[in-house]
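Biologist: I would like to learn how to read this model. Please take me through it feature by feature.

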Amino acid sequence: DIGAEDEIIRITNDLRLEMKGDRVLVNDQELGIELRSMEVNKLVAKVAAITDVRLIINDKIRRYSYDKDIVLDGRDVTTLIFPDALHKIYITASAEVRAQRRYAQMLETDSNANYEEILESIKERDLADQVRKVGSLKIAEDAYVLDTSDKTIEESLELLIKYIERV
């Protein structure tokens, strides 16, 4: 029940997060493409708005990452979770481009994917994340900003490598 905040907080507290290579495991169960599903996308902003959930997950990420060289992505990684990170990179693209990319990704497993629904969902999540009290969507002052709206993966990667080599 998405409205049962106390239960969501309890479940979050009990989660065991682990990485094995590029795989994410939660309570020993691998998470994959379902993380990007419309079902998850519709609920993520509501769960992320629960301050205690954000604080618990952020603490779990910090503890897990403590003694590792690690690359993380997330909307508050460089502002809240790791404000002292060695490299802070803010990768962005227009909502339309992100929706097109997600749409193409979802078509691989769901022939009923709907671009307009995905676009609306992205815009709603962006707004919810921007006004959230804890861990809102912000660009760290010292972050390198890379807008990938008009770039291929290869072009974006090349720019990231150049940035890291300069720093």
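Modeller: Start with pairing: two strands count as paired if DSSP finds at least two bridges between them. Helices (H or I, at least four residues) and strands (E, at least two) are DSSP runs, numbered from the N terminus. The model is predicted, with local features needing pLDDT of at least 70 and side-chain atom pairs pLDDT 80 or more, while totals for chains, interfaces and linings use all residues. Residues are numbered from 1 along each chain as its sequence is written, and side-chain values use heavy atoms, without hydrogens and water.

Biologist: How many bridges join β1 to strand β2?

Modeller: Strands of a sheet pair through backbone hydrogen bonds, either parallel or antiparallel. Here β1 and β2 (residues 23-26) run antiparallel and are joined by 4 bridges. M19 has V24 in β2 as its bridge partner, and L17 has V26. The hairpin of these two strands has 2 residues between them, and G21 takes a positive phi near 65° there.

Biologist: What is the order of the strands in the open sheet?

Modeller: The order is β1-β2-β3, 3 strands with antiparallel pairing. β1 (17-20) and β3 (29-31) are the edge strands, each pairing on one side only. Neighbouring strands of this sheet are turned by 40° against each other on average, direction ignored.

Biologist: How many helices and strands does the protein chain have?

Modeller: The protein chain has 7 helices and 5 strands. From the N terminus on, the elements run α-β-β-β-α-α-α-β-α-α-β-α.

Biologist: At what angle do the axes of helix α1 and helix α3 cross?

Modeller: Axes are lines fitted to C-alpha atoms, for helices over the stretch in contact, and angles run from 0 to 180 degrees between N-to-C directions. The axes of α1 (residues 5-14) and α3 (residues 51-65) cross at roughly 5° and come within 9 Å. The two helices are therefore roughly parallel to each other (angles under 35 degrees count as such). On the α1 side I8, I9, T12 and N13 meet D52, V53, I56, I57 and K60 of α3, where contact means heavy atoms within 4.5 Å.

Note on methods: Parallel < 35°, antiparallel > 145°, perpendicular 65-115°, else oblique.
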